[in-house]
Amino acid sequence: MSILINIASEFTGKKAFKQAEKATFDLDKSVKKLAKNLGVALSTTAVIGFGKAAVKAFAEDEAAAARLAKAVDNLGLSFANPQLASFVDELSQASGVADDQLRPALQALLTTTGSLTNSQKLLSQAIDISRGSGVDLATVAQDLANAYVGNTKGLKKYNLGLTQAELKTASFTTIQEKLNAQFGGASAAYLATYAGQMQLLTTAAGEAKETIGGGLIDSFKIIAGDTTITDLTEKIKKLATNIADFFRGLAQGFKDLSEMPIIKQLISLAKIMLKILGATVGAVIDPFTKEGARLRSAALAPASANAHLAGLSAPLNAAKAAQAEKDAAKRAKALADAQKKNTAELKKQSALKKAGSIFDQEQIQIVAALKGKISEDDRKRLELQMALQTENVDEAKRLTLELATSQGITTALAKSLASLPDAKNPFAAWKGFLDELELQAKRIAAFSGVGGSSARNDTFSSLSPAVQQIVSGGAGGAAGSTSAGDVYITVNGSVLSEQDLVDAVQNGLNYNSLAGKKSDIGRIAGMFG
Amino acid sequence: MPTEVKGAIALRKALRQFEPDLAKETTKEIASFLKPVVKQARGYAPSNEDVPSGWVKRPNAGGRWAARSYDAAEVRRGITFKSTPSKPNRNGFRSLATIFNKSAAGAIYETAGRKSGITGNFTPHLGGQLKGKGQKQQGRVIFRAVEEDQGKAKAHIIKAIEKAAAKLNARSAS
């Protein structure tokens, strides 16, 4: 491909443009009539744009219907195709969900369940779930189909209040009940709102567009005179492109014409005539409309011609449907059994895993150090290890229980040792004792002379002979009493004060302790000896 | 860049029909205005040493890139002009004169990097300057030459057409 620069270009038009002018002029006349019949002032561009979109919508819808029909055929349920088609149409009208969304969802459910009834029920439920959760219908249908065969991963997003383990082990019926409880009636509630009403209208308009598109395709085929789609699309493309150019020129021409006074008068006259002729235009259009309806019926004629044959094969179809339902139920039961088995296996695995977590080398060392008993527990642990390796669940459970029990006792002992109260100060009671000693000594000193008074004499006689001797001064001057009645005791040694006495006693006790002499400590009474 | 004129093509047709010598003269005159632009454009095509060595055409080379490898002589040979009216393009336009860059390698050198920018391993090593207005009217060879010509050739061509029209009218009147 060479690159070029055009110098001094001029628009000269193409031969094809001139050929298209006539065709577009004819098309323009019929388009304007259609606009009048519809009672709205539609621009040619808008009508042609709608036509293109309608054709496209019809083509896509037809392709989706073909895919669903093929899937149904592959399941051996070809007889149910008309029933499914009407079910989809009715559900689309009732729920406001476009049929091009319903068909893929139904296909996913049908291929998984294999049952017409179940798949239709699940589809209705899927619509409720989709409206309630905000997840699109295709995803919901796929999640339900997956859940039917035991894959519940996709259900997490619906927040059913089940843990992952519960989701894995729950049956499909349980899951369905949960979903119903959470999202039941969501679609009806949505349709009662303004947005829901608009959705119904939009869906209905979409269906109308598809129907018109189908009619347009047939009309183009008739006009073009051939049925090759490639040629047809080329012609449609040229027509659509040239219409814009034609009307551009035409509009300019009309504008120039309308400025002329005589033309203005003619236009006002034409308006009056159009009003009168308005009714007759409908009469002109009606025959075409009727002809189009006749052609549509003719296209459906092969189906209706086979209606009597369908009536003859009804019992056979009913038998096939019953067999299909039976097969589907059998498969559902097999799935449920497989799921139960899987659940039991999962539980077993979980138990073994739990038992394994108790076997801890560090704990053995700690318990042995605390208790000093190794042989019995080690034996139990070794037995448990063997049970885990041989996957003997019952034995592992028993030993786990015993070990757990054993560990529980050890743990309790360790706890009790740790929670013992602090030891009391052994010398805390000394002060009390010395105070008492001082009191006794004072009492002794209260006796001034021997036989001073009767009370004193009584008290003096109650004292021991050694103490009496001390008090009467008979102990070699080591003790005596003054005239004032004070008793003095001379203690030989270095103890001159109370503190010296306390120190002397303390030192004596420490000496005894270091010398290995036994000392008894009564913690509770605070006594020692 | 292309200037829209009215009636020039019809004039050329009329000249060919009624005044063939005047038609030839007009063609030669238009060519004389285009030759300097084309010569300048050929000068902008680099030599083999100035382009990435892996792109240079090798003898007995095969494969898809054999026809797209760069050869300075071939590229310069492909830079030409046409001074007679062209056929209508798909939009219905015809031009009085055209400058071409016909070779594949010439087209690559002309337009490389004008959309994606001078990035990567190839375009930064091409050299040259992308000149022209707008993304699709930029280039290193013919577009650069026409841009630097600043419309002088175009003006001369239109003047030549007008002169031919005047001569035709004068001859018709007489």
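Just after α8(A), A:Gly185 takes a positive phi of about 85°, in a predicted model where local features need pLDDT of at least 70, side-chain atom pairs count only at pLDDT 80 or more, and totals for chains, interfaces and linings use all residues. Side-chain values use heavy atoms, with hydrogens and water left out, while residues are numbered from 1 along each chain as its sequence is written, and chains are lettered from A and ligands numbered from 1 in the order in which they are written. Helices (H or I, at least four residues) and strands (E, at least two) are DSSP runs, numbered from the N terminus.

**Helix α8 of chain A**

- Helix α8 (residues 172-183) of chain A has 12 residues and reaches 16 Å from its first C-alpha to its last, close to the 16 Å expected at 1.5 Å a residue, where the expected span is 1.5 Å times one less than the number of residues.
- A:Phe172, A:Ile175, A:Leu179 and A:Phe183 of α8(A) are buried, a term that stands for under 20% relative accessible area, with exposed meaning over 50% and partly exposed in between (1.4 Å probe, protein chains only).

**The interface of chains A and B**

- Contact, meaning heavy atoms within 4.5 Å, joins 33 residues of chain B to 14 residues of chain A.
- The area buried between chain B and chain A is about 2,000 Å², of which carbon and sulfur atoms give 63%; buried area is the accessible area (1.4 Å probe) that two parts lose on being put together, summed over both.
- Two or more residues on the side of chain B that touches chain A come from each of α1 (8-18), β2, α4 (104-111), α5 (142-149) and α6 (152-173) of chain B, and the largest share, nine residues, comes from β2(B).
- Between chain B and chain A the count is zero salt bridges, a salt bridge being a side-chain nitrogen of Lys or Arg within 4 Å of a carboxyl oxygen of Asp or Glu.

**Salt bridges within the chains**

- Over all chains, the structure holds 14 salt bridges.
- A:Arg103 forms a salt bridge with A:Asp99, their closest N and O atoms being 3.6 Å apart, and the two are separated by about one helical turn because they are four residues apart in helix α4 (residues 99-113) of chain A.
- Both partners are buried, A:Arg103 at 9% relative accessibility and A:Asp99 with a relative accessible area of 1%.
- B:Glu25 forms a salt bridge with B:Lys167, the closest N and O atoms being 2.9 Å apart; B:Glu25 lies in helix α2 (residues 20-44) of chain B and B:Lys167 in helix α6 of chain B, so the pair ties together parts that are 142 residues apart in sequence.
- The side chains of B:Lys163 and B:Glu29 also meet in a salt bridge (2.8 Å, N to O), which links helix α6 of chain B with helix α2 of chain B across 134 residues.
- B:Lys163 is partly exposed, with a relative accessible area of 41%, whereas B:Glu29 is buried, with 19%.

**A loop residue in chain B**

- B:Ser83, in the loop between β1 (79-82) and β2 (93-101) of chain B, counts as buried at 9% relative accessibility.
- Leaving aside its neighbours within four places in sequence, B:Ser83 is in contact with residues including B:Arg12, B:Thr27 and B:Leu96.
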